[in-house]
Amino acid sequence: MNKQKRIYTPKKVTLGRSLAYGLTDVMGGGAFTIIGAFLLFFFTTFAGLTAVEGASIIGIARIVDAITSLVMGSLTDNFYKTKVGKRFGRRHFWLLIGSPLMLEYVLMWITGMNFWYYLIVYLLFEIIAASVLIPWETLPTEMTTDYEARTKMSTCRMFISATGTFLATFVPGQIIKIMGENNAYAYFVNALVFAIIFALCIMAANLATWEREITPEMEAELAKKPKLGIRKTLLKQIKDYLYTFKIKSFRKHILIYLFSFTGKDVFNTIFVYFGVSCLGITATNSANILSLSVIGIFVSIFAGFLMIKRGPRFLFISGYSIMFAMLACFYVIYKVKPDNIMFWLIIVGLVYQIGRATLEFTPWNVFPFIPDLDEIVTKQHREGIYAAVMTFVRKSTVAVATFVVGLVLEAGGYKEGQITQTVGAQNTIVSILLFGTGGLVLVAFCVALTFKLNKETHDILVEEMNRLKKGGSKADVTPRVKSVVEELTGYKYEDIWDERNAE
């Protein structure tokens with residue numbers, strides 16, 4: 001089977017193919033877990049950078065990456081217009097070239113370089129990662145319209161992501177333990193191991209998946225659309241991205257995703273500081289507590305069942321409630337400092353990771369259904385711009401959050417390179433852990449209470465869209481269907497199914 005035919009040949013969405021699809025999130029989950037947990041610590045402990053310098057690098061790179069994500073969203077949606085895109089797939093081409101480029105990851109873990117070196121190599125990795133993740137995230141929507149098949153793929157993705165998150169916290173801790181707590185080379189070895197794993201996983205996902213065939217309608221659209229100059233093209237892209245926020249469920253989804261994931265990232269960024277400077281445990285033991293994320297592998301399986309039976313709203317509320325309770329328990333451990341502190345940290349850390357795994361699982365299981373809401377409004381297939389906007393808003397906020405953590409640490413008296421910190425610095429670290437993480441997750445919790453997209457409402461929407469595709473009249477819509485479509489999209493029913501909505 002030639003490359004072009006394989007890319008556009010639909011197959012049954014089996015468990016094996018779903019797992020292969022999910023392998024890319026070993027990089028998506030693993031690389032950024034390592035970065036979140038260790039990169040700022042590596043910069044301030046081994047690379048000779050201040051907390052503000054290290055946080056600035058991460059912040060600047062993620063802003064650039066966020067912009068790259070916007071470009072990639074539109075680029076991958078329209079890449080079928082090129083000969084390369086037609087041959088290798090508008091989504092799959094980026095996985096094909098992204099696989100070997102993963103080796104660039106090791107360059108940011110070299111010591112003895114200056115601020116500009118670390119900034120440039122981290123910028124490059126963020127750009128490479130975005131060029132892989134944006135098109136890859138659209139594949140469940142490309143491959144099938146079935147709710148349960150998409151949920152199977154997304155569940156496998158999050159199962160793999162949880163595995164990657166576990167490996168990204170457990171393996172570094174073991175390498176650091178073997179090579180020495182104060183051995184900077186351990187971080188380089190860890191990066192090399194993971195870079196090879198990332199490259200192999202992305203290639204496997206590329207070979208196991210397919211995408212929607214280029215239709216005559218898409219070809220006709222290409223032929224009739226006038227070529228725009230650079231300025232008008234950019235303005236059109238900006239307008240398309242802003243349009244996504246007109247979809248009511250997407251607005252809520254973005255807020256939930258944005259605040260909950262940023263809260264989780266704040267926790268990962270500050271926890272090693274919390275363990276080493278506030279609790280007096282080693283960086284290895286701190287990593288071991290984070291590596292309890294292994295429970296997420298099993299949580300993903302159970303959450304996939306609940307996603308179908310109870311819906312995302314139930315999962316959101318359950319996961320966030322667990323996290324609130326465990327943040328309070330971490331604070332109690334800090335204040336009491338029991339003799340068997342590692343025992344209590346393991347218990348609390350394990351339960352926390354159940355909530356964290358639920359937090360990570362749910363938004364990306366919701367995402368494949370969002371483009372259907374756009375399609376019933378606009379008649380368009382624009383999965384890429386939704387993936388791009390999700391990535392853009394999150395990484396923009398994470399950039400700010402990471403920089404703020406660095407500023408707050410330095411303002412609170414944290415001294416880079418020192419294990420023992422002042423009481424003021426310790427209080428600052430604890431405050432970031434509690435109020436930074438907890439406050440952000442609380443916002444997501446409040447929005448989740450109003451979220452209405454689930455299997456029942458999605459099935460109603462897709463059935464109505466299929467009816468309209470077959471020439472059904474809007475006048476024949478039932479009150480129940482009309483209510484669901486309006487609630488999910490935020491549009492009056494009379495205004496949907498009109499390509500002018502995308503103009």
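These exercises walk through one predicted model, each with a worked solution. Residues are numbered from 1 along each chain as its sequence is written. Local features need pLDDT of at least 70, side-chain atom pairs count only at pLDDT 80 or more, totals for chains, interfaces and linings use all residues, and side-chain values use heavy atoms, with hydrogens and water left out.

**Exercise 1. The whole chain**

Find how many helices and strands the chain has, and check its radius of gyration against the globule rule.

Solution.
- Step 1. The chain has 22 helices and zero strands. Helices (H or I, at least four residues) and strands (E, at least two) are DSSP runs, numbered from the N terminus.
- Step 2. A compact globule of 503 residues would have a radius of gyration near 23 Å. The rule is 2.2 Å times the number of residues to the power 0.38, and the radius is taken over C-alpha atoms.
- Step 3. The chain has 23 Å, so the value agrees.
- Step 4. The C-alpha trace spans about 70 × 45 × 40 Å along its principal axes.

**Exercise 2. Residue T24**

Decide whether T24 is buried or exposed, and list what T24 touches.

Solution.
- Step 1. Locate T24: helix α3, residues 24–45.
- Step 2. Apply the cut-offs: buried is under 20% relative accessible area, exposed over 50%, partly exposed in between (1.4 Å probe, protein chains only).
- Step 3. T24 has a relative accessible area of 0%, so T24 is buried.
- Step 4. Leave out residues up to four places away in sequence; T24 then touches V132, L133, W136, C201, I202 and A205. Contact means heavy atoms within 4.5 Å.

**Exercise 3. Helices α13 and α16**

Describe how α13 and α16 pack.

Solution.
- Step 1. Two packed helices are described by the angle between their axes and the distance between the axes.
- Step 2. Helix α13 (residues 248–278) and helix α16 (residues 312–336) meet at about 20 degrees, with axes 13 Å apart. Axes are lines fitted to C-alpha atoms, for helices over the stretch in contact, and angles run from 0 to 180 degrees between N-to-C directions.
- Step 3. Angles under 35 degrees count as roughly parallel, over 145 as roughly antiparallel, 65 to 115 as roughly perpendicular and the rest as oblique. Therefore α13 and α16 are roughly parallel to each other.
- Step 4. Name the contact residues: I256, S260, F267, F271, F274 and C278 of α13, with F316, Y320, L327, F330 and Y334 of α16.

**Exercise 4. Residue L468**

Find where L468 lies and which residues L468 touches.

Solution.
- Step 1. L468 is in helix α21, residues 455–469.
- Step 2. L468 counts as buried, because its relative accessibility is 5%.
- Step 3. Beyond four places in sequence, L468 touches K474, Y493, I496 and W497.
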